[in-house]
Every structure is written in structure tokens, then in C-alpha cells.
Amino acid sequence: QVQLVESGGGLVQPGGSLRLSCAASGIFFSIATMGWYRQAPGTQREYVAHIVAGTAGASTNYADSVKGRFTISRDNAKNTVYLQMNSLKPEDTAIYYCNANYLYRDYWGQGTQVTVSS
């Protein structure tokens, strides 16, 4: 059974930082492409970033809205993907979801709330 468990969300002031983690189980993690998406109230879920399957240093991609502020990384030994979020803005407020694309199927975590507010 595939399971993705996010952690690290919370309340942070504008300009602050958070690091989200997503621990995966039930998959051969190193061959999964891992990603982060987010959904703000009243909006559709949107793409944030992904990191392709492989070792550390694997190719990454970001939405324009987070490029230069967010960094996605993976630790295959820990079956975990991270999202380092810096220079946070109020518009980054959303539920953040971890995604695994594994053997041509998509799997989702339950999400973690990130709130950016003074």
C-alpha cells in the first residue's frame, strides 16, 4: 500500500521560511518522480515543483510563482522528498500536497497547511 505523509507546515510571517517533508512508503522510492502541489481556498490544485526519479542532483522544475524561492530535493535513503520554502508571501498560503508518480500512477498525500500571515 502506497502512503505519502507530509509534515512541516504551519504559520509563518511574510518573508519567513518553512521546510516541508514527505515520507513515502510502499514504493521503490528512487524510481518515483516526486512533486509538490498546493491548493488555496476556492481555487484548483496547482503545480509547485517536481524532481525526477534518480539520485540526488536529479533534474527539477518549478512553477514560475515559486522559482528562486522554493527548492525541492530528495533523499532516497530516507524515502523522503523536501520542499524548502524561503521568502514566503501571503499568496503562498495553501494546503500543500505531496505527489508520487510511480509506475504510471499518481499517488497523493493528505496535505499539510501552510499559512503566511503577519
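Reader: The backbone oxygen of lysine 78 lies 2.8 Å from a polar atom of the side chain of threonine 80. Where in the structure is threonine 80 placed?

Author: The model is a predicted one. Threonine 80 belongs to strand β8, which covers residues 80–85.

Reader: Is threonine 80 buried or exposed?

Author: A residue counts as buried when its relative accessible area is under 20%. Threonine 80 has a relative accessible area of 9%, and therefore it is buried.

Reader: Which residues is threonine 80 in contact with, leaving aside its neighbours within four places in sequence?

Author: Contact requires heavy atoms within 4.5 Å. On that basis, threonine 80 touches Ser21, Cys22, Ala23, Phe29, Ser73, Arg74 and Asp75. Consider cysteine 22: 58 residues separate it from threonine 80 in sequence, while their C-alpha atoms are 5.4 Å apart in space.

Reader: What does the side chain of aspartate 92 make a polar contact with?

Author: A polar contact joins a pair of N or O atoms within 3.5 Å. The side chain of aspartate 92 forms one with the side chain of arginine 38, at 2.9 Å. The aspartate 92 side chain also reaches the backbone nitrogen of lysine 89, at 2.8 Å. Beyond neighbours within four places in sequence, the contacts of aspartate 92 include Arg38, Arg69, Phe70 and Val114.

Key:
Residues are numbered from 1 along each chain as its sequence is written. This is a predicted model: local features need pLDDT of at least 70, side-chain atom pairs count only at pLDDT 80 or more; totals for chains, interfaces and linings use all residues. Side-chain values use heavy atoms; hydrogens and water are left out. Helices (H or I, at least four residues) and strands (E, at least two) are DSSP runs, numbered from the N terminus. Buried means under 20% relative accessible area, exposed over 50%, partly exposed in between (1.4 Å probe, protein chains only). A polar contact is a pair of N or O atoms within 3.5 Å; within protein, one must be able to donate a hydrogen and the other to accept it, and residues adjacent in sequence count only if both atoms are side-chain atoms.
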